[in-house]
Amino acid sequence: MQRMNGVPALKVPQRFAQTYRKHLEAQGVWEPRFLVQKNSDGTVALPILPACLPELDLLSLPLTVAPGSTCSLVYIQEPTPSKKERVTSSSNKLVEALQDLLASHGETWSEDLREDIPHSWQHHGDLILLGEGCFSQHIWKSMGKELWQAVAHGLGAKRLAQMGRISSDGFRTPVVTMLLGEDSLVTHVDNRIRYEFDVTKCMFSCGNITEKLRIASFDCSGETVVDLYAGIGYFTLPYLVHAGAAHVHACEWNPHAVKALKRNLELNRVSERCTVHEGDNRQLPLHDLADRVNLGLIPSSEDGWPVACRVLKQGTGGVLHIHQNVTSPTNPTEPEGGSVPLTTGTSCPAQGQGTGVRVGSSQKSSAERGAWKEWAEDTASRIASLLHDVLGKPWRTSIQHIEHVKSYAPHIHHLVLDLECRPC
């Protein structure tokens with residue numbers, strides 16, 4: 001195989017990008033130092049490690065990873081460093097800025113101070129949002145505003161804010177303090193979607209980007225979608241902008257998030273295809289209209305399950321995307337790799353157990369995937385019973401897919417269950 005300049009990459013159709021990426025990561029072929037490159041022809045280039053090129057079988061890869069897809073080897077001439085690489089570079093600049101600040105005050109840098117500075121943050125335009133638990137030592141407090149100016153300089157920002165714990169007001173309002181600058185309105189762009197919001201009043205989870213990309217790859221042409229926990233449009237907008245949903249009913253009860261949601265629908269020019277329902281979604285006056293329902297609330301969306309059942313089309317059913325934080329065993333000992341066969345929950349008489357379904361992560365232990373399997377099958381069974389109770393007739397529920405979004409805490413994983421629901 002002839003070597004060329006640039007970073008080798010696998011060119012695949014965009015709608016199969018996540019599937020290929022997960023496979024490359026599981027096989028140790030993925031090159032994490034660079035970002036995926038999007039092409040104008042509807043394809044993406046997935047960076048891979050040069051050392052793995054001899055093992056790459058381009059003929060069999062589409063058949064084993066994503067039947068119906070194509071792939072080819074290309075070279076990215078000017079690769080963009082990944083977020084982790086950029087953070088490493090920014091972390092070094094931050095350390096240098098803080099060392100200069102300490103020296104100007106006659107103070108000495110130490111490893112204890114290094115442990116007290118942020119190692120990750122959210123970047124929203126020219127505003128950096130720091131997490132809690134950093135800059136806690138007394139020496140920082142004596143620096144006053146100079147500290148925040150140095151941090152902003154080191155991270156290349158004009159404004160700084162710091163996240164505290166989420167408020168218990170029922171709206172999941174973030175407790176955010178502005179450290180430098182007064183304007184808390186920010187703009188964040190993900191996958192060509194523009195989100196505008198106030199960081200002191202609305203949450204934004206950068207960790208959900210893989211799920212937003214997955215939704216963007218759906219084909220929802222002609223579908224009516226109900227998003228029961230819309231927020232500022234995290235999932236509503238991918239359904240409208242990229243997945244091509246005919247109409248989305250977006251439900252949200254935080255008035256600040258509703259304001260941002262309406263603004264974001266206008267910014268992305270899709271407001272005419274979305275109806276915003278403000279208030280408690282349990283009082284939602286809709287039924288028998290949805291092809292798909294998104295239940296994007298963690299730690300659990302269970303309060304929305306009866307509503308989701310009620311709004312599904314009674315004649316044809318549809319798909320529920322159920323989010324949940326699932327706890328895995330604390331001491332998994334089984335080997336990693338492979339898929340776990342999942343069975344299909346059902347409330348119809350004389351129905352079989354269904355077919356095996358692949359879990360959307362092959363890098364987790366069998367014990368963890370077993371816990372996910374158990375949760376999915378229990379949820380499928382409970383939803384089937386709930387559909388019967390709510391709609392007065394038997395329904396069949398089939399597990400399509402389990403997506404691992406992120407690790408929320410040690411042994412706690414944010415999962416999404418794609419559950420097909422059809423009347424018997």
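Trainee: What should I know before we start?
Mentor: It's a predicted model, where local features need pLDDT of at least 70 and side-chain atom pairs count only at pLDDT 80 or more, while totals for chains, interfaces and linings use all residues. Residues are numbered from 1 along each chain as its sequence is written, and side-chain values use heavy atoms, with hydrogens and water left out.

Trainee: OK, which residues of helix α1 are buried?
Mentor: Ala17, Gln18, Tyr20 and Leu24. Buried means under 20% relative accessible area, with a 1.4 Å probe and protein chains only. Helices here are DSSP runs of H or I, at least four residues, and strands are E runs of at least two, numbered from the N terminus.

Trainee: And where do they sit, seen down the axis of α1?
Mentor: They fall within an arc of 160 degrees, so they line one face of the helix. That arc is taken from the directions from the helix axis to the C-beta atoms.

Trainee: Switching topic: which residues touch the most other members of the largest nonpolar core?
Mentor: Leu228, Val293, Leu295, Leu320 and Ile383, out of 34 residues. Such a core is a set of buried Ala, Val, Leu, Ile, Met, Phe, Trp, Tyr and Cys residues joined through side-chain atoms within 4.5 Å.

Trainee: Which element gives the largest share?
Mentor: α11, with nine residues.

Trainee: Is cysteine 421 buried or exposed?
Mentor: Buried, with a relative accessible area of 0%.

Key
Buried means under 20% relative accessible area, exposed over 50%, partly exposed in between (1.4 Å probe, protein chains only).
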